[in-house]
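Here is a walk through one structure, helix by helix and pair by pair. Keep the sequence and the 3D view open while you read.

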Amino acid sequence: MRTHFDVFGLPRSHAVDVPALEKQYRELSLQLHPDRVAPGDAKARLAAVEGTTALNGAFKTLKDPVRRAFYLLKLHGVDLDREDAGAQKDMPLEFLEEVMELREALDEAIAARDLPRAQAMAKDVAGRKAAALQEAVAALGTLEGAGDSPDGVRKASHALGRVRYFTRFLDQVDAFEEEVLA
């Protein structure tokens, strides 16, 4: 199976030189563009469209560090985008309790129209999100070197589960901020 990393000839790793990726993306986009195919060659045109679509998807995923981490985990057999992903059901109880407390506190801040409180919570959660992403990247790095160890996959999936929750939390604060400031 061809991966997004294969599209750009990169090793499977979270460490990606984004400026070099952007440069290579522009070059490949020009080479693969459907307009470069001779008119009337439907088969070649379809191949160019499919190649461009694959290139765009690979670029969108690899340029973003969070999407890249989720994609690497998916390559190791865990797709957190699926609702039935076992890793989501397997989150530590302490984290789930923390989530409930954070959610209740945010709901209270929103109900009280207390934007400074919500923003302070967002600042704290943004730090937690960055730490969880670092933890996930470290776990993914060990997987790339040692194969699919169940413990490494679990660590990466739990860390990325936290990243996903924290992202949703921050999105909710952003929406509240827009509503208050509009």
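Start with helix 6, where Phe95, Val99, Leu102, Ala105, Leu106 and Ala109 are buried. They sit on the same side of helix 6, because the arc they cover around the axis is only 135 degrees. Turn to the face pointing away from the buried side of helix 6 and you'll find the exposed residues Leu93, Met100, Glu101 and Ala111.

Bear in mind that this is a predicted model. Just past the end of helix 6, arginine 113 adopts a positive phi of about 55 degrees.

## Glutamate 108

Glutamate 108 also belongs to helix 6. Its relative accessible area is 48%, so glutamate 108 counts as partly exposed. The side chain of glutamate 108 makes a polar contact of 3.4 Å with the side chain of arginine 117. For a sense of distance, take leucine 73: it is 35 residues from glutamate 108 along the chain, and their C-alpha atoms are 35 Å apart.

How many salt bridges does a search of the whole structure find? It turns up nine. As background, side chains of opposite charge can pair when their charged atoms come close.

One of them links glutamate 27 to lysine 23, with the closest N and O atoms 3.5 Å apart.

Another joins aspartate 124 and arginine 128, whose closest N and O atoms are 3.0 Å apart. These two are four residues apart in helix 7 (residues 115-146), so about one helical turn separates them. Aspartate 124 is partly exposed at 39% relative accessibility, and arginine 128 is partly exposed at 29%.

## A bridge between helices

Now for glutamate 135, which forms a salt bridge with arginine 162; here the closest N and O atoms are 2.5 Å apart. Glutamate 135 is in helix 7 and arginine 162 is in helix 8 (residues 150-181), so this pair ties together parts that are 27 residues apart in sequence.

## The nonpolar core

Which residues have the most contacts inside the largest nonpolar core? They are Phe8, Leu73, Leu140, Leu160 and Phe169, in a core of 48 residues. At least two residues of this core come from each of helix 1 (4-8), helix 2, helix 3 (42-63), helix 4 (65-75), helix 6, helix 7 and helix 8. In soluble globular proteins, nonpolar side chains tend to be buried together.

Leucine 140 is a handy one to click on. Setting aside neighbours within four places in sequence, leucine 140 is in contact with Ala69, Leu72, Leu73, Ala156 and Leu160.

Note on methods
Residues are numbered from 1 along each chain as its sequence is written. This is a predicted model: local features need pLDDT of at least 70, side-chain atom pairs count only at pLDDT 80 or more; totals for chains, interfaces and linings use all residues. Side-chain values use heavy atoms; hydrogens and water are left out. Buried means under 20% relative accessible area, exposed over 50%, partly exposed in between (1.4 Å probe, protein chains only). The arc is that of the directions from the helix axis to the C-beta atoms. A salt bridge is a side-chain nitrogen of Lys or Arg within 4 Å of a carboxyl oxygen of Asp or Glu. A polar contact is a pair of N or O atoms within 3.5 Å; within protein, one must be able to donate a hydrogen and the other to accept it, and residues adjacent in sequence count only if both atoms are side-chain atoms. A nonpolar core is a set of buried Ala, Val, Leu, Ile, Met, Phe, Trp, Tyr and Cys residues joined through side-chain atoms within 4.5 Å. Contact means heavy atoms within 4.5 Å.
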